[in-house]
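Student: Hi, could you walk me through this one? I'd like to start with a helix and then hop around.

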Protein chains: 2
Amino acid sequence: MAIERYLTIGEVARRSGVAPSGLRYYETLGLISSERTTGNQRRYERTTLRRVAFIRTASRVGLTLEEIGDALATLPEGRTPTADDWTGLSRSWRPLLDARIAAIERLRDDLDSCIGCGCLSLERCVLQNPGDRAATLGPGARYLEGDSPSDAARAAGQDAT
Amino acid sequence: MAIERYLTIGEVARRSGVAPSGLRYYETLGLISSERTTGNQRRYERTTLRRVAFIRTASRVGLTLEEIGDALATLPEGRTPTADDWTGLSRSWRPLLDARIAAIERLRDDLDSCIGCGCLSLERCVLQNPGDRAATLGPGARYLEGDSPSDAARAAGQDAT
DNA sequence: GTGTAAGTTAAACCTCGCTTGAGGTCAAGA
DNA sequence: TCTTGACCTCAAGCGAGGTTTAACTTACAC
């Protein structure tokens with residue numbers, strides 16, 4: 001049937017919106033793979049575009065590339081993933097997205113209630129005790145997940161006028 | 001008036017959940033400030049706790065420390081911020097939070113619709129466009145985030161080179 | 001008055017998610 | 001054939017958001 005047209009790194013870059021350097025980086029992490037021409041240039045299968053789309057999508061939601069790699073590792077080796085393969089994988093992110101939405105909504109509502117009281121105090125303000133640390137949005141904020149629970153408990157219990 | 005009890009960096013760290021190193025870092029960025037003892041040790045006003053709470057909260061939502069600094073700069077210099085000061089500041093984050101929630105919801109819903117077909121093309125299903133017509137529509141799924149200028153620039157650069 | 005926990009600085013180091021640069025090769029059109 | 005642009009590798013750099021380390025000094029309880 002149709003010729004299996006391989007894509008150059010530049011083509012994948014243009015179509016996926018990820019720079020060539022980014023694609024090479026993904027490859028070093030094992031997130032994508034490529035064939036090589038006799039001249040050592042990368043050639044990508046078309047399914048790579050879907051794979052990259054998935055990586056970008058998950059990345060935007062705040063997942064680390066390592067987590068994404070773990071998820072991608074569940075796709076079958078040695079054959080082109082079917083729609084069902086992708087469906088299962090997509091579905092697996094759903095609860096995570098829901099959790100993230102819920103967390104940020106809670107944050108907004110809490111902030112809303114703080115507008116009512118003007119407090120932002122550590123004693124009363126729910127903001128100081130986010131129920132869902134995993135709901136952090138950026139790489140930066142995630143560093144704080146290492147905070148010990150005792151820290152949070154102590155902070156919550158202290159007066160902070 | 002009650003004695004104005006100043007707090008050591010350790011106390012602020014314990015109560016806020018931010019490590020001393022983090023507090024010093026915030027200070028270098030101008031997000032918080034401190035008095036010094038004759039022995040050069042930092043002493044914080046109690047309002048610093050609120051300030052730090054605000055910084056952490058905003059940071060969790062994905063704002064950069066620079067953006068947070070800009071917001072904090074609107075607080076009055078030279079006097080303890082009142083509840084009203086804080087209220088105004090909190091209110092100013094509301095649209096931002098709403099926007100973030102909307103973005104993630106959209107991501108989730110798009111992903112959801114893809115579960116139906118398993119494509120993950122998000123904009124135009126590749127499975128339904130065997131000729132990869134989606135490729136002609138420009139860089140991939142990035143539109144979901146609202147196409148930041150840097151993304152657009154990078155994509156454009158790719159096309160140009 | 002002394003031991004030690006807590007504080008100080010500057011600078012180096014860390015993770016993440018890439019980009020940039022140097023130095024060189026490959027592929028395709030005029 | 002020549003030229004040009006796209007590609008290669010490897011190493012270093014960036015920016016955000018901090019932490020760690022080294023080499024001290026201070027504060028305070030006993």
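**Helix, core and charges**

Tutor: Happy to, and keep in mind that this is a predicted model. In helix 1 of chain A, the buried residues are Ile9(A), Gly10(A), Glu11(A), Val12(A), Ala13(A) and Ser16(A).

Student: So how enclosed is helix 1 of chain A (residues 9-16) by the rest of the structure?

Tutor: Largely enclosed, because six of its eight residues are buried. Just after that helix, Gly17(A) adopts a positive phi of about 80°.

Student: What does Leu23(A) contact, leaving aside neighbours within four places in sequence?

Tutor: Its contacts include Ile9(A), Val12(A), Ala13(A) and Ser16(A), along with Val18(A), Ile32(A), Tyr44(A) and Val52(A). Leu23(A) is also one of the residues touching the most other members of the largest nonpolar core, which has 58 residues; Leu72(A), Leu23(B) and Leu72(B) are the others.

Student: Switching topic, how many aromatic pairs are there over all chains?

Tutor: One. Phe54(B) and Trp93(B) have ring centres 5.7 Å apart and planes at 45°, so the pair is tilted. Phe54(B) sits in helix 3 of chain B and Trp93(B) in helix 5 of chain B, 39 residues apart.

Student: Are Phe54(B) and Trp93(B) buried or exposed?

Tutor: Both are buried.

Student: And salt bridges, how many over all chains?

Tutor: Eight. In one of them, Glu27(A) pairs with Arg42(A), with the closest N and O atoms 3.0 Å apart. Glu27(A) lies in helix 2 of chain A and Arg42(A) in strand 2 of chain A, so the pair ties together parts 15 residues apart in sequence.

Student: Which residues are linked with Glu27(A) in a network of salt bridges?

Tutor: Arg36(A) and Arg42(A).

Conventions:
Residues numbered from 1 in each chain as written. Chains lettered and ligands numbered in written order. Predicted model: local features only at pLDDT ≥ 70, side-chain atom pairs only at ≥ 80, totals over all residues. Heavy atoms only, no water. Core = buried A, V, L, I, M, F, W, Y, C linked by side-chain atoms within 4.5 Å. Buried < 20%, exposed > 50% of the residue type's maximum accessible area, 1.4 Å probe, protein only. Contact = heavy atoms within 4.5 Å. Phe/Tyr/Trp six-rings, centres within 6.5 Å; stacked < 30°, edge-to-face > 60°. Helix = DSSP H or I, 4+ residues; strand = E, 2+ residues; numbered from the N terminus. Salt bridge = Lys/Arg side-chain N within 4 Å of Asp/Glu carboxyl O.
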